[in-house]
Amino acid sequence: MTNFSYVILIPLIPLTVFLVTGLLGMKWKPLVSGVIGTVGLGISFFLSLFAAYQYFFATASAGGYHTIIPVNMLWLSFTSTLQIHMGVLLDPISVMMLVVVTTISFMAHIYSLGYMKGEKGFQRYYAFLSLFTFSMLGVVLSTNIFQMYIFWELVGASSFLLIGFYYDKPSAVAAAKKAFIVTRFADLGFLIGILILSFYTGTFDFSKLMQPGTSLFAGITGVSFLGISGITWAMTLIFMGAAGKSAMFPLHIWLPDAMEGPTPVSALIHAATMVVAGVFLVARMFPIYHFHAPDVLIFIGYVGGFTSLFAAIIAMTQFDIKRVLAYSTLSQIGYMMVALGVSGYGGEAGLGYTAGMFHLFTHAMFKALLFLGAGSIIHTVHSNLMKDMGSLRKYMPITHITFLAASLAISGIPPFAGFFSKDEILTAAFHANKLLFYVEYITAGITSFYIFRLYFNIFWGKDTNYEHKPHESPLNMVIPMIFLALGATFGGFIPFHDLVTSNMKPFADKLNILVSLPSVAIGLVGIAAAWILYKKENDLSDRIAKSLGVLYISTFHKFYIDELYLFVTKKIIFNGIARPIAWFDSKIVDGFMIGIGTVTMKISYKIKGLQSGELQQYAFVFIAGTIILALFLLYTLGFH
Amino acid sequence: MDFKYILLMRHELLLLLVALIILMVDLFTSDKKKFRLIKFSLLLFTIATLVGFIPVKPGVLFGGAFQGNALTDFFKDILNVAVLIVFLQSDGYLKKIENTGKTGEFFVLIILTLLGMDFMVSSGDFLTFFIGLETASIPVAGLVAFDRFKSRSAEAGVKLILLSALSSGVLLFGISLIYGATGSIYFSDIAKHVTASPLIILGFIFFLSGMGFKISLVPFHLWTADVYEGAPINITAYLSVVSKGAAVFILTIILYKVFKNVTDLWETSLYVLAVLTMTVGNLFALRQDNIKRFLAFSSIAQAGFIMVGIMGTGSLGMTSVVYFILIYVFTNLGAFGVASAISSASGVETISGYNGLYSTNPRLSLIMMLALFSLAGIPPIAGFFGKFFLFTSAGSQGYFILILIGVLNATISLYYYLGVVKAMFINKSDTPIPYFRSSNFMRLSLLLCVAGLFSIGFIGGIFEYIMSISHLLF
Amino acid sequence: MNFLNLFVAVPVLTIIGILFTKDLKGARLVSAVGMGIQLALAVFLVFFYFSIRGAGNLHEMILTADYHWYPSLNIHYFIGVDGIAVAMIALTAIVIFAGVFASWQMEFLSREFFISLILLATGVFGFFISLDLFTMFLFYELAVIPMYLLIGIWGSGPKEASAMKLTLMLMGGSALLLVGILGIYFNSAPNGGAYTFNILQIAKVHIPIAAQRFFFPLTFVGFGVLGALFPLHTWSPSGHASAPTAVSMLHAGVLMKLGAYGCFRVAIFLMPEAATQMAWIFIILTSISVVYGALGAIMQKDLKFINAYSSVSHVGLILFALLMMNKIAMDGAILQMISHGLMTALFFALIGMIYGRTHTRDIREMGGLMKVIPFLAVMYMVAGFASLGLPGFSGFVAEMTIFVGAFQHSDLFHRVASVVVVSSIVITAVYILRVVGIILLGPVKNKAHLELKDASWHEKLSTATLLVAIVGIGVLPLWLSDTIMGSLHPIMERLVAYLH
Amino acid sequence: MIQGISIYHFLIVSSLMFFIGIAGFIIRQNLITILLSIELILNSVVINFLVFNRYLYPNQLQGHFFSLFIVGVAAAEASVAIALIINIYRRIRNIEADNVNEMKY
């Protein structure tokens, strides 16, 4: 058995970088921090690749892969079984995620050297990036659900920091806050789910929970609340956490706003890594879902399906290129959820699982690429809005080509990576759930439409009068894009069904022509529609939008979900609960306490007449007191 | 007849002697040299106090009319020390021109009342008790009216003597009923015959209201505030500590010894009185501005706490009461000492007048604060221990509701004690009392008080000693 | 001479030392040295504790010393510590050390200030080392009363009123407590023999259940007032708002824990049956505390008010956890005491420092401070994250332990209460981020703030000390948790024995 | 023991005196009259003591002696009280009880 202990270094290097640059960075030239961060992550990146190679190829055995836990330290112990460890767990999905995270992060690091050059807080930026990478790697490598929760929270916090990087911009601050609080709310569910699950099973450890045929779940399936079994509750709540991080409807509202962060951050966090953490979580717990809470799995599929369609529709109407990409991300993650939702366990039945992971991988490549491309454009144009762009293909050839590759990949056009993964998902859905299949099928068409709407609007169309003549981005920005373009183009040829499967045993997978041909077709239709509407400047799109009326407007306003949230938080929670409580506390509760004092004082003034200064009144009180006391005593002692 | 007489009554005889000597010397001292009399009297009294500490075997005199034992001796010592402190504090007052001529009277009257109290403390029958009580209270009226030319002082004197006479009458009426029911005025004989008959109940209530007058229990307390306010501040101090202490002590003895067969009777009545006293005392104290009136009501409330302590019968009750009085001496005299120093230096006797005192007279303010905290029962100052044991004593008989009322009252009392602290430390004043240096005697007395406040609680031996000597009585 | 006595002796000597100083410089130097020694002692005590436990000493309490004080009433000065007390002592030492440095520039009546402050600390230290109810009560009151002066003299805003309210409410609580203690005392020998105040001895007997039912609520509420138990928490917002920095630190950081510790050590430990029977009342109250405090914090405008309500919520969580009556939750409760002590002290220190610069605590008047005072702003943010229970900080460890413990009850009532309490983590995030967003981030609102200077060395030292402790516990909680668990063992054994 | 007059007669008289004294104290305005009322009270006590002694415990003298002392103390009290009343008279030129209320509340 190969010793994988060195894997622990992969997260620890970014942590070290974070601590060093965070504490000392201010004293250095900005670039030093950037270089340290990039080099550090480079090492992590290569270590990950090496680990992946070792895991998948060097130690592969005929019976599939095994879960390896090279490091596991006790961190906190509640009882002899209920313990939190900090460790490293290697299995196909974690190794795959390791590669994804370090790759994208490494690319983002290199890219940012150019993109963020000269920004105030350059060091801080790199420190945060390292922190984020560390946390994300922690999530990926967790050996138990609590460790995962810990890093899950850290991911949320570092995401908060990165979204709010431009902290003097109120909108960025608001977005960061929103992201944190919404995901925190979702994590509440996650936490409660963990607590319920761990109470009944008595453990946090994945390896124990995943053991086939384990009796740990006897207790939790036995109990029920409101007619729903304990395990269903727990797993639904855990999915709530996943839905929060992965921005599933209705917890998706934070993601579009999160685009306020620097673009490389969007690429890293909000396209490739953090947002898929939810998918990863579901995949991680997949056996539990499958064997103990199949209902929840179906629910997950529907949530994913709805989100993917819903987000894709919104994406068609947005004008901010990053927002379009953000909704596109939502939609694609929905795909992954659908894949997991429709998946079975083991062999062919587990196709959905493999497909979901596969799509996670390819999506990371092409979506990160899209974001980096967008960043490259924004860097040049200094605007996020489509109307400020046009005909950029002339000025930015490399960006153009890589962006096109990514667009084709997301549209599912062979032989680009997206085609393979999306095709597998559709196949899996086709076999398991026809409704979801059709939803996803339509979404695929919408996807290619909105992405090419974006593409044509940016790179074709009219030649806007630019203030500064646009130019291709510097080398350190272009190289990551090229690298990712290669991934987006050829990533689809990786044989995922041999590597990442639900039961860690490879199975044979073949292209289902019946599914793939229509899917390519609808992708092409979408592209064609976009070509017609946006290739040349015309008002066709506006006319269509007008004709749709309310439908268009509500889509443009993202179906007013944000407003609904705002109403609930501002009007109901803040003004309806918090403010009355503040009032209640200071006026009623505190008022009561003060009232005791006031009343005492009042009594004191009321009875002051007793001390009238009159000699004879004193005598009267004296005698009256005596007599009353005597009568009282005679009465109480029984002489009446 | 032997030497025993002299030794058992050494406190009383010495006081009588000192009083006579001072009276004589006073007669033959010209008005101009009267100020020397202060030091002379102090010296004599100190000697008398010190001699009082000599331990003597317990005994009984005059067929049981006079009882001397370790507890009474100890208590007389407490009274002596308290009076000594009062004397030390009176230095400034007596040195005022209008008072120097009366120096001798001041000492003689106080020492004679103390003599009465000593007899009262040692009494073994109601006659001795009554004579001691009257000896202790009639001259006090003179002392209260000491500032002859102040109408308030005169008013206080009249109020005191008339009401005191009334209360004596009532008290005597009670005693006469008890005599009628039991046929004896000796404590030990009465104890044997006491039953809860209506006559005894009536007699006891009349007796109790008479004593309640001396201790200022509500509703027999109304004279307190007026008399305290009108009297010269040192006399107020004397009244609030020594008179009250002695009365409490003998009341406790009588309750425990004479009425021990009818505990129901007196515990029920004291329960009511304690609750009333604490509550009403506190409620009145809340809005006082005159420091003497303020301390008057505070001392009423304190008397209520003592009543709570008395509820725990037996040696624990006795001990907690005596211990509390011991602490109360230092506490209250500390507070009165500061008030007296300020009064004689600047004439200010209001709490609002104390505003900003800390900025000019930090030490006095600190002592005042310590004394007030002690009254409020805040550790580690002695008052905390005193109050704690009073409550413990009541707890030993299971009076937890009473304790609850007591501690809640203590919390209310904290409000007004802190009010004075606030005036001195927090409030700002444009015209604070200017800095002054009080006389050496005053400083000595305050030093004694502070030392007592800090040490009594920590020296567990004091409490243990009282416990051991009161144990002998039961 | 027992080593623990030094924990009372050193502060007392420091106070005496300050008496001999002339001005601020001398006073603060003496205080810093004294509290530095105290901190060193505390650190030594921690190591000593581990070594003695490592050596196999399994006594419930170590370093015990018993001095007769009032033999006839069986009152002793009886001291000793277990792991929990050691942890609390270390917490106190850290907070008071930081507090001294946070008041480095206390110009007005500086000697008196430091004396009062250290007197307060004396009470706290004494409370944690004592194992005799009388001694405990004495130190408890000693710790409370200097608050009046500290707030009344050196406070701000409506200081007299808030100081009075705080003192009266706390002393009112201790009044109830006194009755409770006496009740325990007079029921400490149901089978005859001498009454005792000794906690360990009382723990061996079984107080009659009727007495427990009467005295448990008194004791619990008595201590609970200091633990800001709803609805007796109202001293907290105004009191904290008016108090000077170091006092808020010490009060929220340590003094409120006295209440919780007392609930644990006296009320629940000595009267377990009544505690179980009546737990439901207090579980409801503390659950309200937790959520209500957090919700109350959302719309506040004064930084200190926010933190005060936050303290209500967090300390409510401690009491809640104690009432769960199981080992995990109690472990969490004690972790939370320590954690919240450090966090809130850090918070109040920072608020004080910010206030010292901006002269306002109204969040509407501040903005973008991150730009002008980055060190303090970053610290504030870190404290905020710690407060909202981010992993890596002590708060997370404590809260999670509590939640895991709370979920060990599977009946509906406990479940609902637990879920309600858990939901506070979201509300906490809301109010913390709201403040952070308003005052630290965004553009600079007040042009005058552009001139502000960042932290000076003593401020850095003060905050860094606290932060190191917070992160230390947050990253490596096992040693602390295991220490507490070990010390909880005998307590739980007793509780379990009486519960069944 | 007086023939035909029972102890109750005496006790009724003394009680009446006692309460008349108290009523006088409370009702009469003149300070001297108030002092007289006190004397009534004390005398009622004296009667009590004497009667109890004579009727109930004829073979001892405690009551008699007690009453002697009461008479003595009453005299002392009266002298001091009168002195103080005179002092009041000098201050405010009358001895109405209603005028002696400068200090109150």
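View 1. C:Val372 is partly exposed, with 18 other C-beta atoms within 10 Å (a residue is buried if 20 or more other C-beta atoms lie within 10 Å of its own, exposed if 12 or fewer, and partly exposed in between, with C-beta atoms placed from the backbone). C:Val372 belongs to helix H15 (residues 369-372) of chain C, where helices (H or I, at least four residues) and strands (E, at least two) are DSSP runs numbered from the N terminus. Leaving aside neighbours within four places in sequence, C:Val372 is in contact with C:Val444, C:His449, C:Leu450 and C:Leu452, two residues being in contact if their C-beta atoms, placed from the backbone, lie within 7 Å. C:Glu451 is 79 residues from C:Val372 in sequence, yet the two are 7.5 Å apart in space, C-alpha to C-alpha. This is a predicted model, in which local features need pLDDT of at least 70 and side-chain atom pairs count only at pLDDT 80 or more, while totals for chains, interfaces and linings use all residues. Residues are numbered from 1 along each chain as its sequence is written, and chains are lettered from A and ligands numbered from 1 in the order in which they are written.

**View 2. Helix H14 (residues 327-358) of chain C.** The end C-alpha atoms of H14(C) are 45 Å apart, which agrees with the 46 Å that its 32 residues should span at 1.5 Å a residue (the expected span being 1.5 Å times one less than the number of residues). Of the 32 residues of H14(C), 29 are buried, so this helix is largely enclosed by the rest of the structure. C:His359, whose phi is positive, near 60°, follows H14(C).

**View 3. Packing of helix H3 (residues 92-115) against helix H20 (residues 475-490) in chain A.** The two helices pack at an angle of about 150°, with their axes 7 Å apart; axes are lines fitted to C-alpha atoms, for helices over the stretch in contact, and angles run from 0 to 180 degrees between N-to-C directions. H3(A) and H20(A) are therefore roughly antiparallel to each other, a term for angles over 145 degrees. The contact is made by residues including A:Met107, A:Ile110 and A:Tyr111 of H3(A) and A:Pro480, A:Phe483 and A:Leu484 of H20(A). By class, this contact has 10 nonpolar, two polar and no charged residues (Ala, Val, Leu, Ile, Met, Phe, Trp, Tyr, Cys and Pro count as nonpolar, Asp, Glu, Lys and Arg as charged, and the others, Gly among them, as polar).

How values were computed: Angles under 35 degrees count as roughly parallel, over 145 as roughly antiparallel, 65 to 115 as roughly perpendicular and the rest as oblique.
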